[in-house]
Amino acid sequence: MIGDMIVSIVVYSLTALILYVLAQDMARKDKRSLKVKGVHSPMWTSSFVLSIFAFALVAGMRYNTGVDHLSYLESYLHGGNDTNEQGFYVLSHFMSSLGLHYFFYFAFWAALQIMFIYLGCKYRRELLPFIALSIMLGPYFLNWMNGIRQTLVECFFVAIIAYYCNNKSLKSLIISAVLIFAASFIHRSSVILLALLFLAMINIPLNNKFVNIAAVVVCLVIGSTPYWITMNSGGVSDLLVLLGYDHYSMTYEEMVEMADFRETAFGPLRLMTLFVDLCIIWFYPKIEEVYSSDKALGPFFQFFFFGVCAYNLFANTNILFLRPVEYLTIFRLPMTAYLLCYLKRANKTWFVVVCFFVFTYTLVEVLKSGLLGVKETNLYHFFFFQ
């Protein structure tokens with residue numbers, strides 16, 4: 001276990017460093033192009049392709065890293081599960097029928113994940129270095145290696161929102177809606193993103209940091225005793241089936257009947273995340289001033305803020321409530337990068353403090369797993385050593 005812990009620290013840290021260097025090159029070239037030519041540099045550069053390759057390589061070489069990895073592997077080796085998400089099944093079945101090693105299968109999905117996130121920052125490439133570090137040293141890599149289908153759609157949604165916000169028109173709205181509908185063939189729950197797409201059209205005033213922080217605190221308090229969630233259980237069960245969480249529907253009914261609520265402890269990881277969330281909310285008015293011309297910032301913050309509130313509201317219920325919330329909390333990734341970009345210019349002390357909390361998350365996860373022997377799936381294992 002100690003050996004796996006050391007391997008994990010090396011793999012995650014080295015990958016983060018590689019992605020950071022490549023992202024720095026992308027940001028530098030884009031800055032130069034904007035200064036000299038007045039336009040963004042091409043997105044598909046060698047650094048972008050190498051970033052996708054590096055991330056896909058690490059994701060593809062893993063074994064039993066991510067809670068769902070072995071179940072996805074078993075499904076792939078048997079030709080893929082014939083589910084309602086026909087897009088995912090067809091691609092899985094096709095790759096399996098070709099006899100491709102599962103390395104290529106998992107590398108393919110990971111390549112799409114990081115590609116969509118990076119494309120979501122196409123118009124603000126200075127975010128990419130911090131995005132790169134956050135993916136590997138924050139909670140994102142381990143999360144993306146779990147629910148591959150939904151997390152892929154989450155990353156895709158970030159790219160869609162960025163595309164729509166920077167090209168607002170009826171045409172871009174229709175294209176975005178069609179693409180989101182197409183994503184339902186990867187994970188059926190993505191149909192709820194159609195409603196969120198229209199939410200991106202609304203400019204909700206969220207500039208009062210005191211009110212916003214108070215709202216998070218209220219959700220935190222209410223979420224500590226979540227028995228109110230038992231109301232209207234039948235309607236919730238039907239909604240879960242509609243969103244493609246059929247296997248969670250019965251779990252929900254049992255949870256309500258048995259009052260089986262989980263308790264999310266205020267351990268170091270949750271406290272670290274909450275601290276960063278509150279920092280984003282606190283500094284957002286200043287971030288908005290600096291990036292006043294950024295068309296995607298407002299919607300990104302809206303989704304992030306509602307995600308933080310929803311997460312703290314449902315944190316002590318059950319995973320079936322938190323899974324849909326991830327479509328909102330994924331926006332914590334770009335918002336963290338906005339925060340760090342702002343603090344790097346405006347306040348070096350706070351920059352260092354926030355960096356510490358953001359970039360030690362995975363280290364804490366790995367140390368917990370290696371020293372306490374819990375959640376072995378958080379540790380990195382190479383498939384060729386199994």
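Tutor: Here's a walk through that loop, its charged partners and then the pockets.

Keep in mind that this is a predicted model.

Take Arg 125 first. Its side chain meets that of Asp 30 in a salt bridge, with N to O at 3.4 Å. That's a link between distant parts of the chain: Arg 125 sits in the loop between helix H5 (102-120) and helix H6 (128-137), while Asp 30 belongs to helix H1 (residues 2-36), 95 residues apart. Both Arg 125 and Asp 30 are buried.

Now step to Glu 126. It pairs with Arg 124 in a salt bridge whose closest N and O atoms are 3.6 Å apart. Arg 124 has a relative accessible area of 18%, so it counts as buried, the cut-off being under 20%. Glu 126, at 28%, is partly exposed.

Glu 126 has another partner too: Arg 345 forms a salt bridge with Glu 126, and here the closest N and O atoms are 3.0 Å apart. Because Arg 345 lies in helix H17 (residues 332-346) and Glu 126 in the loop between H5 and H6, this pair ties together parts that are 219 residues apart in sequence. Arg 345 itself is exposed, with a relative accessible area of 54%. Follow the shared partners and you get one network that joins Arg 124, Glu 126, Asp 294 and Arg 345.

Several of these residues turn up again in the second largest pocket, which has a volume of about 560 Å³. Its lining has 21 residues, and those nearest its centre are Ala 27, Lys 31, Arg 125, Glu 126 and Arg 345. H1, H6 and H17 each supply at least two lining residues, with H1 giving the largest share, seven residues. By type, the lining of this second pocket splits into ten charged, seven nonpolar and four polar residues.

Then there's the largest pocket, with about 1,400 Å³ of space. It is lined by 46 residues, and the closest to its centre are Pro 139, Asn 143, Tyr 311, Tyr 361 and Glu 365. The elements that give two or more residues to this lining include helix H7 (140-144), helix H8 (148-166), helix H15 (297-314), helix H16 (319-329) and H17. The top contributor to the largest pocket's lining, though, is H14, with eight residues. Sorted by type, that lining has 19 nonpolar, 15 polar and twelve charged residues.

Ten of its eleven residues are buried, so H16 is largely enclosed by the rest of the structure. The buried stretch includes Leu 320, Phe 321 and Leu 322, along with the charged Arg 323 and Glu 326.

Methods:
Residues are numbered from 1 along each chain as its sequence is written. This is a predicted model: local features need pLDDT of at least 70, side-chain atom pairs count only at pLDDT 80 or more; totals for chains, interfaces and linings use all residues. Side-chain values use heavy atoms; hydrogens and water are left out. A salt bridge is a side-chain nitrogen of Lys or Arg within 4 Å of a carboxyl oxygen of Asp or Glu. Helices (H or I, at least four residues) and strands (E, at least two) are DSSP runs, numbered from the N terminus. Buried means under 20% relative accessible area, exposed over 50%, partly exposed in between (1.4 Å probe, protein chains only). On a 1 Å grid over the protein atoms alone, a cavity is a set of points where a 1.4 Å probe fits but cannot get out, and a pocket is an open set with protein on both sides within 12 Å along at least five of seven lines; lining residues have an atom within 4 Å of a point. Grid points are joined across faces, edges and corners, and a volume is the space filled by probe spheres set on the points.
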